[in-house]
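I opened the notebook to look up two interfaces. The model is set out below.

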Amino acid sequence: MEKRVVFSGRWVPVLLLAPQVTITLVFFIWPASQALYQSVLLEDAFGLSRKFVWLDNFRILFADPLYLDSFGRTAFFSSVTAALSLGLALVLAVMADRVIKGTALYRTFLIWPYAVAPAVAGVLWFFMFNPSIGTLTYLLRFLGYQWNHYLNGTDAMALIILAASWKQVSYNFLFFLAGLQAIPRSLVEAAAIDGAGPFKRFRTIIFPLLSPTTFFLLVVNIVYAFFDTFGIVHAITSGGPAQATTILVYKVYSDGFIGLDLGGSAAQSVILMAVVIALTVFQFRYIERKVAY
Amino acid sequence: MAGLTFSGVRKTYPNGVRAVHGIDASVGDGELIVIVGPSGCGKSTLLRMVAGLEAISEGEIRIGERRVNELEPADRNIAMVFQNYALYPHMSVFDNMAYGLRNRRTPRNEIARRVAAAAKTLQLEDLLARRPGQLSGGQRQRVAMGRAIVREPDVFLFDEPLSNLDARLRVQMRLEIRRLQQSLGTTSLYVTHDQVEAMTLADRLIVMNGGVAEQIGRPLDVYRHPATAFVAGFIGSPAMNFLPATVAATGSGVIISGTGHTLTAAVTACEPQRPVLVGLRPEHLLPASEDSAALKVAVDLVEALGADTLAHGILPGDGAGPALTVRLEGSRRVDVGDTVPLTVSPDHVHLFDPGNGNRLV
Amino acid sequence: MIERRPWLNVLSHFVLCAGVLVTALPIWITFVASTHPADSLMSGRAPLWPGAHLFENYATVLDSGLRAAGSVPVGMMMWNSLIMALMIAVGKIVISIIAAFGIVYFRFPLRRTCFWLIFVTLMLPVEVRILPTFGVVASLEMLNSYWGLSVPLIASATATFLFRQFFLTVPEELAEAARIDGAGPLKFLFDILLPLSRTNIAALFVILFIFGWNQYLWPLLVTTDESFYTIVVGIQRMLAVDDAEPAWHLIMATTMLAMLPPVLVVICMQRLFIKGLIEQEK
């Protein structure tokens, strides 16, 4: 889509775009190309020597069981978090759309975790599951389970999944609710006249019509679990115990800033960029198709 | 005040599409010219070239003595009323009218005077503080007019200004626009696809089709002597009937193809046996007695409108025969299945070239 | 709903109430913890009912902070967070509006290139390029400054696209009428386009304020000087005490304070917030 009428002028548009383009070049394009460049160099931590090593950094990375483990853990973490937060949000949204009274009130009480920083969300759950004084730890102990995410990798993973999902439900809920409210009532009524009960209507009419929203949310949730959850991991588990919660973004950070492995960290950055670009392209392909039809 | 001249005006879009193929016309001072044609005929493009919203590819447009091709819209001293009114939604009625004057640094008291005068003329005095969103369709239309009036321009440009209104309001606003234009005496260019609007408003019409001005003339002249089959079919409602025919060997009339009907017509300029397209307006077909009838139509659909009755039917002949619409007195009773004998005055038989559509004789 | 199924209604309300409770549980526990003295959180289990030290704990953190976080008063951290959030929100909105205006209402060489350049930033979250970005900011000597905290996060493809979409829906005739009325591009921007964009700007501001306030990784890297800590980073510093149980009652008070401004913004400006969020999908 393009405007039919435009203003003339050569310098005005340049000035208008200058700030955005400058910041993009300095803080986005330049660092990204630096990452690309460093990913093919071997450099010591003090920058005294550098050597061009082609794709060695990548080869080392993919030969490193720690990195491959981290890949697997990230995949597990992302899919469980996405499934959990999408599922819960869908159930809540369908219920909130159903009730005649109180939709707005329920919405108010369900959406506010969106405003909580991931790191803060991590702290909230960290405290509830604190091995010595946590309320829920106490409850679990009462039920016969000794919770300790300091020592038990599974517990730690469960903790970051809970914290990440808790925060994301609100976002998904809002989109599902908006999607449900956008479905024309007449369609649902027509289905009811055609003899479909509430569950059948959901399965055959509402859920298919909601699929663009679901797809959009799926991509957003994966991106969220990949990147925005850094705060949760850093604040409550620092990747531990024994790397059990070292997801990819955390590893980029810890290898680069703590391990000072510049080439390795840059190579990981490049791989992550490829993941984001793939997800974005995938999403836009889909949106274009949706628009076309 | 000033007239408006088009000489050899053409529009070619960057993608190669040619919208206007060379218009030559002049609009007298104070005249209201209506540009009428089907959608896509280039009429809006022509108007927008006058406004300065589209570049002129070739030719020249003058307002008064001034060549305006290179001028910015604001410097052409024109005012435009848009189809969707294009009122600034966040400004009051007063501010909408005053905006252009403020941009031209008109003194504050002069702005107040002009807006007050326009508001009085258009009965908008009580609405000056409202926003466009709080107005009815007709009121918004008036504000759009007011915005044009306060600028006291050389030329008014109207781009289908009535097409967003309902039928009743459209008739009322049509009269108001005409009255206003006559009292202000401002040269006006008015674009519409509605031929009734065109006939009732215009001092002169420009009938456009496919980027070409098919005919320029006074409404009744265009109605009586359409220059082409397209103009003949476009102007007049219900539309003119077209029947393929050949000039009779006797040189006294035409024979409607496939039916054997013969019509008396002025065909002296045509060679015998020549194929022609006969145009008959529904209102010119008059009921006749059985033996004086030139045409007999078999009615298959009747629309009774009260004042008159439209009878649709075919001329029987070999095969289906050509379709024909007749306008009859409302008091006359016609039923489906009737055969109505008709006659038509030779003056009302229009002949066109079947190839290029041009009027013959 | 269409047919009467009373038990389905009851079930719906039950599920929703359960959802609300689970959502609120962590906050309740945090709030309770922030109202108790230090010793009641030392062992056993955290209390379930508020204590009597509400004002005392909050006054302590706001005033003098915790030694673990460099004894910076939390009040100051909140101030830093506020400055950073406002700079990011306002900065993003301003540069996005003018960039979108340039792209939509002008034709110039390299227009498509600029468009794609901005588009690419959509694909590069700060998390994936932290090290080199940190390098750039360090070499520009922007570490430990409000500029360093905010400017690198200001370029935003999302906001630019939102405004572009919105400008494309503004009727063409409005720009034409403005041109005939003698308004140049900047006059059109300020007199017509910005007033029309008011709700969009407000909605985006809500979203971006929350985005800015909640930044974590970036402030963590660029602030080594405690006086530039934002509150979210401050909490992490308070937690990271070696070999000792953290001062939970004060940390929980700080946590409540860290959540308060963005949560209030979401609840008080719910309509704008939802509008701002949902429009990102389109």
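How many salt bridges does the rule find across the interface of domain 1 of chain B and domain 2 of chain B? I found 0 there, a salt bridge being a side-chain nitrogen of Lys or Arg within 4 Å of a carboxyl oxygen of Asp or Glu.

Ground rules. I am reading a predicted model, where local features need pLDDT of at least 70, side-chain atom pairs count only at pLDDT 80 or more, and totals for chains, interfaces and linings use all residues. Residues are numbered from 1 along each chain as its sequence is written, chains are lettered from A and ligands numbered from 1 in the order in which they are written, and side-chain values use heavy atoms, with hydrogens and water left out.

Entry 1: the two domains of chain B.
I took the bounds from the domain assignment, which gives 4-234 for domain 1 and 241-352 for domain 2; such bounds come from an automatic or database assignment. I read 39 Å between the C-alpha centres of these two domains of chain B. In contact (heavy atoms within 4.5 Å) are 7 residues of domain 1 and 7 residues of domain 2.

I then looked up the buried area, the accessible area (1.4 Å probe) that two parts lose on being put together, summed over both. Between the domains of chain B it is about 570 Å², and carbon and sulfur atoms give 59% of that. On the domain 1 side, B:Tyr223, B:Ala229 and B:Ala232 supply 72% of the area buried against domain 2, more than any other three residues.

I counted 2 residue pairs in polar contact between the domains, both residues at pLDDT 80 or more. A polar contact is a pair of N or O atoms within 3.5 Å; within protein, one must be able to donate a hydrogen and the other to accept it, and residues adjacent in sequence count only if both atoms are side-chain atoms.

Two elements give two or more residues to the domain 1 side: helix H7 (219-224) and helix H8 (229-234) of chain B. H8(B) gives the most, with 3 residues. Helices here are DSSP runs (H or I, at least four residues), numbered from the N terminus.

Entry 2: chain C against chain A.
I found 112 residues of chain C and 100 residues of chain A in the contact. The buried area is about 9,900 Å², with 76% from carbon and sulfur atoms. I noted 10 residue pairs in polar contact, both at pLDDT 80 or more. Helix H1 (residues 6-33) of chain C gives the largest share of the chain C side, 20 residues.
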